[in-house]
Amino acid sequence: MGRVLLKNVKKYLFIPYENGVADQIIQIRSKSKEVFSFYYPIASNHISGWGRIELPSYLEGETVEVVSEQDKMVEAVYTRERSYGKEERHQVEPWVHFHIPYGKILEIKSFFQDEKENWHMHLLEDFSMGSKNNEGILREYKSKDLYYWEEGMRKNQELRAIGDTENLPLVGDVTNFFSAADKNGEIYGFALSKQFCLRDSPVKNVLSIPVNLKENKIYPMKKLENLRVWRRDWYLKKIEKEFYFECRFRIRPGEWPGIIIEEKARTLEDIRAGVIEVELEVLVGMEEEILIELSGLQWKWSALTQELRCKDYVMPATVKDGRLLLHFFCDHIVQEGFSDSGKGMLVTYPEIIKEIIHDIQNDEIENIQNPTFQLRYYSEPYIKIQTKGNTASIVAMHVYALRRPDYSQGNVELLENITVGERIYQCSHFTVYENAIDDMVYGSPKSWVLDRGTRVLSPIRAIEDFQWANTPWGDMTRIADREEMWRFRGYEDFPQLETGIPTVDAAYNLAVDILQRNLDEAYAMPGNEGLLNAGLLQGKGEGFGVWVRDTCHNAFRIANFLIPDRIRKSLVYVTERGFNNGCDSAAMPPIAIWDYYRATSDKSILYETYSELFKFIEKADSIYDKEKGLIRAEHSAAQDAFPEIHNGGYSLSPQIYYAHMYFDMANICDEIQKAPEKSMVFRQKGEAILSNIKRQYWNEEKSCFTSGPRGSEAYEKGIWEATGAEACVWPRFHVADSRQRREFLQTIKTQRNALNDFGLNWYPFEKGKNHFWNTCWVSWTEGIAVAANHEGDIALLRKLIFQQVRNVVVNKTFHEAVDYTTGKAWRWPGLTWHASAFLGYFVFGLLGISYEKEGLTISPCIPQEFSHMKLCNLRYREAVFEIEIEGSGNQFDMYVDDSKTDYIDAAIKGRHRVTLCQKNQ
């Protein structure tokens, strides 16, 4: 008999087990003489792993004696308050198949969805991994999405009958099936697997992935797509006896902007997968059999029987029009296969999974020539397709890497004592808390903000591509950071934001980080060192290059004011060269250069770029229609893929930018006293275009500036798009008066398909979907935020801010596009003009900073959440400001070092405190 005395017992008891030993009766005896007994395969000679037992509450804090039948390793038993032990989880325990961490599921007692659309599951669990079953403990789990489950409260448990389990819709290593309907009548369910033995793991069985039942057919639940993190695609590939793909490879920049996929290098930079999903469509040809091997487990399809076999199980897999459609989930030691016939199979195969043993041999180094120099590891998942002949082809195959439904073990432990803070903002699709975001679109787990906004914990949410999509404009979604945790590197030249809301501060820090990384030489293309990239498409070694339009937008949207010393080189560069496309690009350099001068009073840049700017003027002159007083423009600003025929050839947003290009070029000429006669012509053209915009594009009936002038389809139907809307209402461009601005903002807020929880739809009137139509681009909303400030529309300003707090925190970056319908981000990561626009929300939207070469004004418009906001270390010419808000609303007095003022002169020097105090109402 073995005994150990434990004092001050904690909630959880951890007890060692050994594979293959007989179960023993273990007793836990308290001073009150109560005895808690159970069967358990306690370790005798070797510890295979540790089991966890949640002790009865009456034992917590007591001194207890743990007794085993024989003198086993009972003295190794320990207790702790936290639910995890000192051991690491087994490397090949299932990820996407739910299982309890220790022991086995005996029975599913209840499964249902409540009135708040939360799913509940009650399981009878046995913490022992031995062959004998204990009485079991009833435990509740809750989920919003059926793949991420959290342990619920065990008090007042409501048990509801579960669906029919007699006819199993999944065949294979399953014992029973349970199902329930959601609020819409959709049926979802799980199968419980048979018990298995995974060496050195306490997991004994699993639930299947959640499936959807329709008309006696089953399909993997669509929400499982939220677990996808990367994909590889093959199309129209002939199977020459064998096709093979291992889910480990590496990528590097190719000929810009391409990506080269290479063989694995066995380094941390390799792209890997732990769990995969495979969608496969095969043209079977004349093959009698097709063998599909996934990580060692073989699935064999027979043309004769039209069945798919794995181990001793079969299911129908019927060919239609010569094509076989299959869908697999390969989860370490569990696989599931689904056929187009609506059938499914679950198979466990722990006996097949073996460690790879690699003996290290190096003839040049003598002192490592012994058997201890050996590596043991598990291989990455792979797919092998074999045929006897050469008549079969892959029509289409998509291989997805899947993430865990929860965070990795270390991060789960990190979050164990962290609770959700105060709710700050809520809409129907997401909730922003002070330290977390709960997103119904991307699903669980929550995204967490730690250390006052300097760390963000969020899984990969977008699906990364490594091949260009089959579209004319080059679609590819990339991931810049593949880790769960993002860490802020510091501010460098940027001011620090302190709102008292870590989630908002983290969003600001992420935007700063995007700009800083795009300035980092590690991401620069050759010859672009020290310049601002447009984005992080290809990652280190080659970013996305320096674009004329993107650089200029970044400059006048934020960089000229916040980091003039960092953006100056890029501005000079794009006047000479830089990637240039789109009908509006030529307008941008004079606007950005003049704005730089307004922010800095650095006249040298005007002289340095003056001669180069004339080529942009020549481009503008070549498309200027003197008769109409407008610029010929088939596209709206920044849209370079589709002609917008309803604009009548004179799209609105380029008109605004070219008008101000002419104004700003005239200002440059006047400031450095050059070409006065040209200055006059430039100003006249600018005035002509601006006048015609006001006269021909405002539609009084529709309360908007339309995308095309009077006589166009856009004008007649009241069609507008985001770049034109933003430029019209942005006070800096002097298009809309205050009444028009208010009315257009109201139109934006109420127009169908224009503004939802995810952002502003760039093209609200277009039906298709691509990276322009039915997408949200952050960059085209900064001016709308500034307009909301001017008109005191606090609710709109607040909505814009929290939309993008959600977007950037959950994704840990700004991707180029957010799908207006689904709310999911996609395409290229680390977009600088999105980051710049988001920073502009705070500097020009909330604070209402406006600058000219003589100085600046501050006119805040502050939602209640930001009533104590601070912007620290804001550099302005030769001064540094600490700006602090005291109050909310849009009526404030400004104090500079306790002296009330309405204006800050550009000549100010040194460090100063600027306080914005809410006026007494």
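A salt bridge here is a side-chain nitrogen of Lys or Arg within 4 Å of a carboxyl oxygen of Asp or Glu. By that criterion, this predicted model holds 61 salt bridges. Side chains of opposite charge can pair when their charged atoms come close.

Start with Arg806 and Asp439. Their side chains meet in a salt bridge, at 2.5 Å from N to O. The pair joins distant parts of the chain: Arg806 sits in helix 13 (residues 794–811), Asp439 in strand 36 (residues 436–439), and 367 residues separate them. Arg806 and Asp439 are both buried.

Next come Asp584 and Arg549. Their salt bridge spans 3.2 Å, N to O. Asp584 lies in the loop between helix 4 (564–576) and helix 5 (588–600), while Arg549 belongs to helix 3 (residues 548–562), 35 residues away. Both partners are buried.

Asp595 pairs with Arg732, and their closest N and O atoms are 2.8 Å apart. Asp595 is in helix 5; Arg732 is in the loop between helix 10 (722–729) and helix 11, 137 residues apart. Asp595 has a relative accessible area of 1%, so it counts as buried. Arg732 reaches 24% relative accessibility, so it counts as partly exposed.

Salt bridges also form a network. Asp481, Arg489, Asp513, Arg517 and Asp520 are linked in this way.

Now turn to helix 11 itself. Gln740 is found in this helix, which covers residues 738–750. Gln740 is buried because its relative accessible area is 10%, below the 20% cut-off. Beyond its neighbours within four places in sequence, Gln740 contacts Trp698, Phe705 and Val735.

Terms used: Residues are numbered from 1 along each chain as its sequence is written. This is a predicted model: local features need pLDDT of at least 70, side-chain atom pairs count only at pLDDT 80 or more; totals for chains, interfaces and linings use all residues. Side-chain values use heavy atoms; hydrogens and water are left out. Helices (H or I, at least four residues) and strands (E, at least two) are DSSP runs, numbered from the N terminus. Buried means under 20% relative accessible area, exposed over 50%, partly exposed in between (1.4 Å probe, protein chains only). Contact means heavy atoms within 4.5 Å.
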